[in-house]
Amino acid sequence: MKYFYKVKHNLQAGFSLVEMLIVMGLMSILLMVLTDMFVSVLDIQTESESHSAVTQDGRFILARLSYDLNHASSISTPAALGGSGSTLAVVIGGVTYTYALSIGNLQLTNDQGTNNLNSSETTISALNVQRLGIAAKDTVKISFTVTSVAKAKQGVDVKTFTTTAGRR
C-alpha cells in the first residue's frame, strides 16, 4: 500500500509537457490581446491630445485677437478699407501690438517683447487679415489655420478658424 501511495504522489507532483504548452499558448494569446488594446489606447490618446491642442490654441488666439481689437484705439495694418494681408497691427494705450506669422508660430510683438500665441504642439498658417468698414467702425475679418504637430493614426489634425471683430 505504501508503494501505491508513493507512485500516486509522484505522478501529481508536476505538469506534463502538453499542459505547459497549453498554458504558454493561452498566455501568448492574452498578451497579444492586451498589447493590441494598449496600442489602441495610445493611438486614441494621441488623437485626443492633438485635437485638443488645435481647438484650445485656436480658441485662445481668437479670444486674444477679439480682446485686443475691442480695446484698440486704432488699427494701423491693414491700412486701407478692403485691404488684406498677413499682419495685424493695432494701437492700444499708445502701444502698437503686431500679430504676424513666423516659422509656424503666431507671434505678438509689443513694447514688452515678442511672444508666441500658439503652443509647441501646433503650428499656425494661412493668416489672413482683411479690413472691413462696417457701420463706421474699424472691423477686421481674421482667418488662420491651426495644425497639430503630433501625427495620429488618422493623420494630423487641421482646423481653420475665422472671426470678425472690431473696435468698440
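Visitor: Which residues are linked in a network of salt bridges?
Guide: Arg 131, Asp 138 and Arg 167 are. Bear in mind that this is a predicted model.

Visitor: How far apart are the closest N and O atoms of Arg 131 and Asp 138?
Guide: They sit 2.8 Å apart in that salt bridge.

Visitor: And Arg 167 with Asp 138, what is the N to O figure there?
Guide: The side chains of Arg 167 and Asp 138 meet at 3.0 Å, N to O.

Visitor: Is Asp 138 buried or exposed?
Guide: Asp 138 counts as buried because its relative accessibility is 16%, and the cut-off for buried is under 20%. Arg 131 is buried as well.

Visitor: What does Arg 167 count as?
Guide: Partly exposed, because its relative accessibility is 22%.

Visitor: Why would such side chains pair at all?
Guide: Side chains of opposite charge can pair when their charged atoms come close.

Visitor: How many salt bridges does the structure hold?
Guide: It holds 3. One of them joins Asp 68 and Arg 64, with 3.0 Å from N to O.

Visitor: Which helix do Asp 68 and Arg 64 lie in?
Guide: Both are in helix H2, which covers residues 17-71. They are 4 residues apart, about one turn of the helix.

Visitor: What about accessibility for that pair?
Guide: Asp 68 has 3% relative accessibility and therefore counts as buried. Arg 64, at 26%, counts as partly exposed.

Visitor: Changing topic. How many helices and strands are there in the protein chain?
Guide: There are 2 helices and 9 strands. Along the sequence the pattern reads α-α-β-β-β-β-β-β-β-β-β.

Visitor: What share of the residues is buried?
Guide: Buried residues make up 30% of the 168 in the chain.

Visitor: Last one, on contacts between residues at least 6 apart in sequence. What percentage join residues at least 24 apart?
Guide: That comes to 48% of those contacts in the protein chain.

Technical notes. Residues are numbered from 1 along each chain as its sequence is written. This is a predicted model: local features need pLDDT of at least 70, side-chain atom pairs count only at pLDDT 80 or more; totals for chains, interfaces and linings use all residues. Side-chain values use heavy atoms; hydrogens and water are left out. A salt bridge is a side-chain nitrogen of Lys or Arg within 4 Å of a carboxyl oxygen of Asp or Glu. Buried means under 20% relative accessible area, exposed over 50%, partly exposed in between (1.4 Å probe, protein chains only). Contact means heavy atoms within 4.5 Å.
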